[in-house]
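Me: I'm new to this one and want a quick tour. Can we put it on screen and go piece by piece?

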Amino acid sequence: MKEEGKLKKYLKTLGPGLITGASDDDPSGIATYSQVGAGYGLGLLWMAPFTFPLMAALQGMCARIGMVTSQGLSHTLKNHYPKAILYLMLIFSVPAIILNIGADIAGMGAVTNLLFPTIPSFIFSLLFTIIMMAVIIVYPYQKIAGILKWFCLSILLYLIVPFIVKVNWKEVLIATFVPHIELNKDFIEMVVAVLGTTISPYLFFWQATMEAEDVGHNEKQVFVDKHAIRNMRADVNFGMFASNLVMLFIILTTGVVLYNSGIRDINTVDQAAKALEPLAGKFSYIFFALGVIGTGFLAIPVLAGSLSYMLAESFGWEEGLDKKFQDARAFYIVIILALVIGLLINVLGISPMKALIYTAILYGVTSPVMIAVVLHIGNNKKIMNNFTNSRLSNVLGIITFIVMTLAAVALIYFQFQ
């Protein structure tokens, strides 16, 4: 009974970190990981454990900033740093997030069309967009957070598939902990794509804002203390671990099933799902497709919400998912426009994969700058008081900055080659 009580208490601490981690495995992320598995087998499996501590450190910093300041990152940037940094973030982040939303909506529509082929994929994309719009506008923050927590369960579907097919677990273990590196354009681009998908600036903004919202909604938590920080860290670490575990299993599934069957070129999530069916059976195909739909419902509100919070905080609009539409009109109009433009990207015939490439470039350019800013805020005693970064957080943050800077340089270099 005591153990059951501890588990219940631990599960209650899970919230913004779990949602952020799970939303990182969105349909566009799944498409990237499927490409990695199909193109290189188990060759890039090591990136899952490699990126975990880097993600956890960065998201932990952002969460602590949100808790201590009771404000989102845009507020902190606006109040303590030159406006140029804030506007630079907005210039690159706004189009990147909208392209990401468009790619995710397209992915959801495409895999649902595979399950129900008589109905065009755009009809599903339209239906999903309307449902998400209605939920975001009608329900308050606490309700939305509760709904998103349930959608986190959809990522568990990816942990089932490898056990349906034949896997050499010794090979998997070696590939997970022994890095395999190839010095060629395609391989480096795949590494950059994985980094851009896992360490994205919009997640920094979302994490800080959701922690600030959580503090605002928690009547018992009048001030931030070590206990609250410990709970937050457990939440963030669990969320990032779950995210990277799913990444590992998607690369593992597509690496074992598609790569070993000679299918090396996967451009979209529906292609990955379709290719799995004859090779791994109907169940693996259905699990894969349902996972895409579930993570889309989780990730798109996070993307649209983070964009709206960024703009509202930057320009001083009324904000908050707990406010009614008439009380935060501009905030909700941004969410509606982001979803509508994302949907229209599909109508205009822009390839979802091209959208993802442009998104990766924009994220790649902004990530190093944003990481440097988050590191500076996390060590700024005027902002953080006694809750500045630990030595370990700073070491991991600096490593992330170096890795993402090299990734951005490599990405830009290869795009102009």
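Me: Which helix is Ala 273 found in?
Reply: Ala 273 is found in helix H13, residues 269–280. Helices here are DSSP runs of H or I with at least four residues, strands are runs of E with at least two, and both are numbered from the N terminus.

Me: Before we go on, what kind of model is this?
Reply: This is a predicted model, where local features need pLDDT of at least 70, side-chain atom pairs count only at pLDDT 80 or more, and totals for chains, interfaces and linings use all residues. Residues are numbered from 1 along each chain as its sequence is written, and side-chain values use heavy atoms, with hydrogens and water left out.

Me: Back to Ala 273. Buried or exposed?
Reply: Ala 273 is buried, at 0% relative accessibility. Buried means under 20% relative accessible area, exposed means over 50%, and partly exposed is in between (1.4 Å probe, protein chains only).

Me: Which residues is Ala 273 in contact with?
Reply: Leaving aside neighbours within four places in sequence, Ala 273 is in contact with Leu 114, Tyr 285 and Phe 288. Contact means heavy atoms within 4.5 Å.

Me: And how far is Ala 273 from Thr 254?
Reply: Their C-alpha atoms are separated by 9.5 Å. Along the chain, Ala 273 and Thr 254 are 19 residues apart.

Me: Zoom out. How many helices and strands are in the chain?
Reply: The protein chain has 18 helices and zero strands.

Me: How much of the chain is buried?
Reply: Buried residues make up 57% of the 417 residues.

Me: What about contacts between residues at least 6 apart in sequence?
Reply: Of those contacts in the protein chain, 83% join residues at least 24 apart.

Me: New topic: H3. How many residues does it have, and what is its reach?
Reply: H3 covers residues 27–40, which is 14 residues. From first C-alpha to last it reaches 20 Å, close to the 20 Å expected at 1.5 Å a residue. The expected span is 1.5 Å times one less than the number of residues.

Me: How many residues of H3 are buried?
Reply: 13 of its 14 residues are buried, so H3 is mostly covered.

Me: What comes just after H3?
Reply: Gly 41, with a positive phi of about 60 degrees.

Me: Which residue other than glycine has a positive phi near 55 degrees?
Reply: Asn 385 is one of them. Asn 385 lies in the loop between helix H17 (381–384) and helix H18 (391–416). Asn 385 is partly exposed, at 45% relative accessibility. Ser 70 is not a glycine either, and has a positive phi of about 55 degrees. Ser 70 sits in the loop between helix H4 (47–69) and H5, and is partly exposed with a relative accessible area of 45%.

Me: Why point those out?
Reply: Because most residues other than glycine have a negative phi.

Me: On to packing. At what angle do H5 and H6 pack?
Reply: Helix H5 (residues 73–80) and H6 pack at about 150 degrees, with their axes 7 Å apart. Axes are lines fitted to C-alpha atoms, for helices over the stretch in contact, and angles run from 0 to 180 degrees between N-to-C directions. That makes H5 roughly antiparallel to H6. Angles under 35 degrees count as roughly parallel, over 145 as roughly antiparallel, 65 to 115 as roughly perpendicular and the rest as oblique.

Me: Which residues meet there?
Reply: Ser 74, Leu 77 and Lys 78 in H5 meet Lys 83, Ile 85, Leu 86 and Met 89 in H6.

Me: How do H6 and H7 cross?
Reply: The axes of H6 (residues 83–115) and H7 (residues 121–138) come within 8 Å and cross at roughly 125 degrees. H6 is therefore oblique to H7.

Me: And at what angle do H6 and H15 cross?
Reply: Roughly 60 degrees, with the axes of H6 and H15 (residues 329–347) coming within 8 Å. H6 and H15 are oblique to each other too.

Me: Last one: where does Leu 321 lie?
Reply: Leu 321 lies in the loop between helix H14 (282–315) and H15. Leu 321 is buried, at 4% relative accessibility. Leu 321 and Val 138 are 183 residues apart in sequence and 9.4 Å apart in space, C-alpha to C-alpha.
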